Structures are given as structure tokens and as C-alpha cells.
There are 2 protein chains.
Amino acid sequence: MSIATPGPYSLVPFVSVDDMMRLIADTGVEKMLRDLADYIEDDFKRWDSFDKTPRIAAHSDDGVIELMPTSDGLTYGFKYVNGHPLNTRDGRQTVTAFGVLADVATGYPRLLTEMTLLTAMRTAATSALAGRYLMPQGARVMAMIGNGAQSEFQCLAFKAICGIDTVRLYDIDDRATQKLARNLADGGLRIVECASSQQAIEGAQIVTTCTADKQYATILTDNMVGAGIHINAIGGDCPGKTELHPDILRRSRIFVEFPEQTRIEGEIQQLDPDHPVTELWQVFAGQAPGRQSSAEVTLFDSVGFAVEDFSALRYIRDRLKVLPYFTDLDLLADPDDPRDLYGMIRRRAEAVEV
Amino acid sequence: MSIATPGPYSLVPFVSVDDMMRLIADTGVEKMLRDLADYIEDDFKRWDSFDKTPRIAAHSDDGVIELMPTSDGLTYGFKYVNGHPLNTRDGRQTVTAFGVLADVATGYPRLLTEMTLLTAMRTAATSALAGRYLMPQGARVMAMIGNGAQSEFQCLAFKAICGIDTVRLYDIDDRATQKLARNLADGGLRIVECASSQQAIEGAQIVTTCTADKQYATILTDNMVGAGIHINAIGGDCPGKTELHPDILRRSRIFVEFPEQTRIEGEIQQLDPDHPVTELWQVFAGQAPGRQSSAEVTLFDSVGFAVEDFSALRYIRDRLKVLPYFTDLDLLADPDDPRDLYGMIRRRAEAVEV
């Protein structure tokens, strides 16, 4: 029935979870992590192009729902994402997400995509990209503390982007470590399962913490962190949720995505609001040094920022030209005469009656 | 292939434009406007239950893209909406929108729906609901100035909810007026096409202004507004976009949705930031008077607020139980083991290879 056929502006490409799995599988996880890191690096290098705001968070006892918008003046992107640490108890994800790209000139959405998988990928790509600038030269061994849904992506991103060859795994739940070890078994990394955080960090030049409790936790204490380490702290990402003892922060050079947001959500919420930090984009753009000595302790206080999602959405949009894993959604009303929205409804009603 | 079958938590009901047209047609426009007004009134009466924030706007030369979130502690809702006055030049809508309801307890989205049509409906329902409290007793005639995409909905909402029987139409573009008159021809309203705003407001007890220029405009001047009129000002809804001469505002009692947002976007952006206004919810809840005399000029300075969208989303969610016009979208990654997101991708890749 022609009257119900969506018009030319009404359709928005939609990438489902299954589409995204196929896109990742066809691209290859490690290649896609490298590609995403390139897109993120490119966007961070043009940091001033973006409208930036801390994400808009709706906190509740159980977790948080956030909207993360940004725009470069031509393209607008936003992500919906939740964080609910207790979700895994009944089989749900701690973090789920979806996102949209839109044209700034018309306000019309141009892409709707699942972002649970994509967020996992971009988070790991951002960590490893930061790691490439901050880790000690020749780093080959990473401790991976917290072996949940994000851990495989972190290990593979540091392999693909930083060249590590060994991961030392620890989680308070053995089964999580076994799952991670199993998933990485044929991934080209040497895997060492450890009995404690302390054991995991032995001989590691990079320490990634990725735990999900919504509380002030101390995954690492000061005496565990030796000179020259790069710490990649992923798990602390909302008010009241941190992983590191503040003494570690005080002797680290701290790198952040967007200070206005990280001071609310990151490890540095434990420090004075004017504690010096370096913005990652400045390092990527050559405007601030990364690691300055082999003895320095560097810390990437990762919380995730809207520009990373923008980069990931941009990547998916480009990738769909090669791998058209999407369906068109009839999301936007598109009457023949744009002022005749009501007439469109009426004609649809008449078509039903006939 | 069972491996790609979405799990129980992965599917989100999606209401397309065509679904929404069928839902509106089956329900009937006027009944749905009345229903929406009831949902909005109920939510406004429990105003304190909601987390409220001015919408998050990304302004550009051509328009604005906004995110409008709110939550009542159990359910979270947000709308994506744009406003681009020049869009009609190439056949696009000035305003398009979509929205999401989610569970606060898990952060999982439970409904994704087109909201271009739904916004048109809820905007009109809110206007007429406010009108019911603010118009002079026995009002039967409404001037409708600006005859674009929102105008049919306004006329029908004031008929269905306030009992008007006559609309007096004016638009700077004759064709818009003819379109509106044509669409309303069999709608049970007496229709008077007018040659000017001045002519349109003759004998009208309610004046609705709904124009879309993104600039300070003066659709009504002070001398045009007689005693006892209710003005329903829809078109001014972003910084720099107003419709009324400030002198009209100064002699009106002004009613707003959410002052923090209206002072940025509404007609009252032309007034001092402490100019007194009454919040609509207070009127609905019996905490502030509506119209106080037959001579008073009342003004609803409508900009649209997130709680109205929440009510509209809640209505659609309830309505889908009776009229199941939706399809399930595979939007949320749902691995068997929630910590094994990576394993889900890997198994999908293996399934493709086989």
C-alpha cells in the first residue's frame, strides 16, 4: 500500500546486536580495535572542534542512566548508556548502550546502533591508545585485575595496539578468570592466572583495573605500585565508585579525557578539585608530554567520554559502506508536504478503512 | 540459527511511524488527545516525583538538537528532538523526534518509539489542558495564527478538551491556511479563514500562536490583545525565538511548565529573570489559581517539557497492550553469561564460519 511506504527522509539505518556481531567478526576484533583507536585519536587531535559537556546522569540506588552528547558542528552524536553493577545477578549486562548519529544541518538522525558491544570495543581502544603514549618503553606484560565483560577487550586492545605479549589475570571470582583465560586461549597472548592482585602485578609494566562495585574500593594499595608502572583504571566511573587508594593518585601523573567530567566520576574525585591533570588530547596532539621517564608512575583515569562514542559511531557509519549490516527503520515522519503531518495520519486512517 | 537468536532481555519494542499512525487512527485523534491530557495532568500533579532538568540543547546556525530526560524513580524517559525552521524548504519536518522509556532499576530500555507524531499530539494536549484551566468561561472561539504542522492538532485538542466550536485561521502563507482548513473541513469545527492576525483574533477568547521563525518576531502586538483573552504561545521555544511583544507579557499572568527551562527558551526570555510566573503543575494540583477574573489576560508560555514526553511515552506503553503496533528490535546484547560479552561475539563469528 503506497500510502504507508516510508518517504525518502523517513528511514534511519539500524545496526542490531546481531549486525554488530557480524561486523566485528568480519572485521576481526584486533583490526577493529586498531581502527577505533585511529578514529578516536583523530577526533581527540581536533578536540576544539567539539561541543563538550559532562554526561547527563540520572542516578538511582541501583545504578545510573546517562546521556552522552557531543557535536563537531557538522555531525551530532549521543549515546544512551546505563551502569548497574547488580544487573549480572539476574543475567543482565552491567552496561548496555545504544547511540545515534545525526546531521547538525537538519537535525535528522542518520544512524541508530546498538552500542553495548561497541562501547566495550571503544573503551578498550581508548585505554590502549592512551597506553601507547604512557606505558614504559618495551612494556610486554599487563596485569588484568577484574575479569568481567570488559576484560577480553582490554587484553586484546593492549596486544593489538601496544604490543603486549603476556597478561596476568586476577578476579575475586575464579570463574571470571577462567572465562577470560578460556576466551583468550587461542588469542596469541601468554596467560598467567593469579591468586591475588599482588601476584598479578608482579613483573607487569601495565596494570589495568576493571572492577564494577558501586562503592569506594581499593583494588590497588600504594605499596603494590612500583616505579615505572602505567595504571589503566577503568572501573571507577561514577560518584562514589573508585578503585585506587588516593596515595597512588598522589604520586602518579594523571591523564584524563575531559576534566570537568572526570573530577565528578573518576579516581580523582578523591583528590582536591584543582589537583593537576593532563588531558589526553593534549598528549595525542603533541601539546603535552606523555611519559617523561622510566621511573614515573602514569595513570589513565578512564571514565569514558562522549567524543569516544562519536568516533565509534563515525567508524560504524563508514564501515557500513563496506559491510552493510543494517536494516532501515521507519523512524521519522515524512509527509509529502512537511506542514501536513496531520494529513499523513488521516490518509493512513482512510487507507485502513478501505 | 539458534546462536544468533536474541535472548530474553535483548528485545525492545519499537513503534515505527506507520505503527504510530495506525495507533492514532485506531484510537481516534480526539480521544487520544484527551487521553494524553489525562496522562500529562496526572504526572504534573505528582511534579515532585520527577527528576527535572532543562533539556540539553546543541544549538547551530540552522536549528537545535535537544535531549529531554526525566525520571520518576521507577521509570526513566528521554526524547531526542530537533527544531530546524528551514527544513521545510527541502521537504523535511521542522521538528522530528523519537524517544525511549527505560527501567530505572536495571537501566534497560523497554520502549523505543517515533515521537514526531507523538510530540505533535502531546504538545497540543498540553496546550488544551492548560487552556481548560486558563481560558475564560464559555470560550468557544480560537484564533489559530500559524497554520503549519502543529496547527491541526491544536485546533482538535481545544475542541476535544476545551469545547471550542470555531477556529479563525491566519498564516502569512495562504497555502498553509488552505491546508489546515481542508484538513479540518469534516472535523466538526466552524472554520473562518482570515486575512491578518488582527482579523483572526476578532471575537476570539483564545489565541494560539504557532509560528516557526528562528528569530525575535512579533506575531501579536500589545494593542491587538483585549481583556479576558487566553494566549497559548507555542512557537517561541528556543533562545532568540519569540512571538509576542514584551508589553503583552507584562500585562498577562504567565503560566509555564518548568521555569528554569522557560526562562531560557520561552517568551519570558524577554523579561527580567525574576519576573513572576506560575507553574502549571501548581494549577493542576490546586496549589495556585488558574484564571482569576474574566478580564484577566492569561498566557501559557509553552516550550515543551520532558515530563510531557514521559507521560506520552507512558501512554504509548500502556496502549500497546491493547493495540500491539510494534516490532521487537534486537537492541541489547544479551549473552548467556553476562560477563561473557566477548564470548558471544566469538561464537557468532564461529557460526558464520560454519
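Guide: Strands E2(A) and E3(A) form a hairpin, with 4 residues between them. This is a predicted model in which local features need pLDDT of at least 70 and side-chain atom pairs pLDDT 80 or more, whereas totals for chains, interfaces and linings use all residues. Residues are numbered from 1 along each chain as its sequence is written, chains are lettered from A and ligands numbered from 1 in the order in which they are written, and side-chain values use heavy atoms, without hydrogens and water.

Visitor: How many bridges join E3(A) to E4(A)?

Guide: There are 8 bridges between E3(A) and strand E4 (residues 75–83) of chain A, and these strands run antiparallel. Met68(A) stands opposite Lys79(A) in E4(A). The hairpin of E3(A) and E4(A) has 3 residues between the strands, and Gly73(A) takes a positive phi near 95 degrees there.

Visitor: Why is E3(A) called mostly covered?

Guide: Buried means under 20% relative accessible area, exposed over 50%, and partly exposed in between (1.4 Å probe, protein chains only). In E3 (residues 64–71) of chain A, 8 of 8 residues are buried. In a regular strand the side chains alternate between the two faces of the sheet. Both faces of E3(A) are covered: Val64(A), Glu66(A), Met68(A) and Thr70(A) are buried on one side, and Ile65(A), Leu67(A), Pro69(A) and Ser71(A) on the other.

Visitor: Why is Thr96(A) called buried, and what does its side chain contact?

Guide: Thr96(A) has a relative accessible area of 0%, which is under 20%, so the term buried applies. Thr96(A) lies in the loop between E4 and strand E5 (97–103) of chain A. Its side chain makes a polar contact of 2.7 Å with the side chain of Asn82(A). A polar contact is a pair of N or O atoms within 3.5 Å; within protein, one must be able to donate a hydrogen and the other to accept it, and residues adjacent in sequence count only if both atoms are side-chain atoms.

Visitor: Why is Glu193(A) described as partly exposed?

Guide: The relative accessible area of Glu193(A), in strand E9 (residues 190–193) of chain A, is 46%. This value lies between 20% and 50%, so Glu193(A) is partly exposed.

Visitor: How many residues of chain B are in contact with chain A?

Guide: Counting heavy atoms within 4.5 Å as contact, 77 residues of chain B are in contact with 77 residues of chain A.

Definitions and conventions. Helices (H or I, at least four residues) and strands (E, at least two) are DSSP runs, numbered from the N terminus. Two strands pair if DSSP finds at least two bridges between them.
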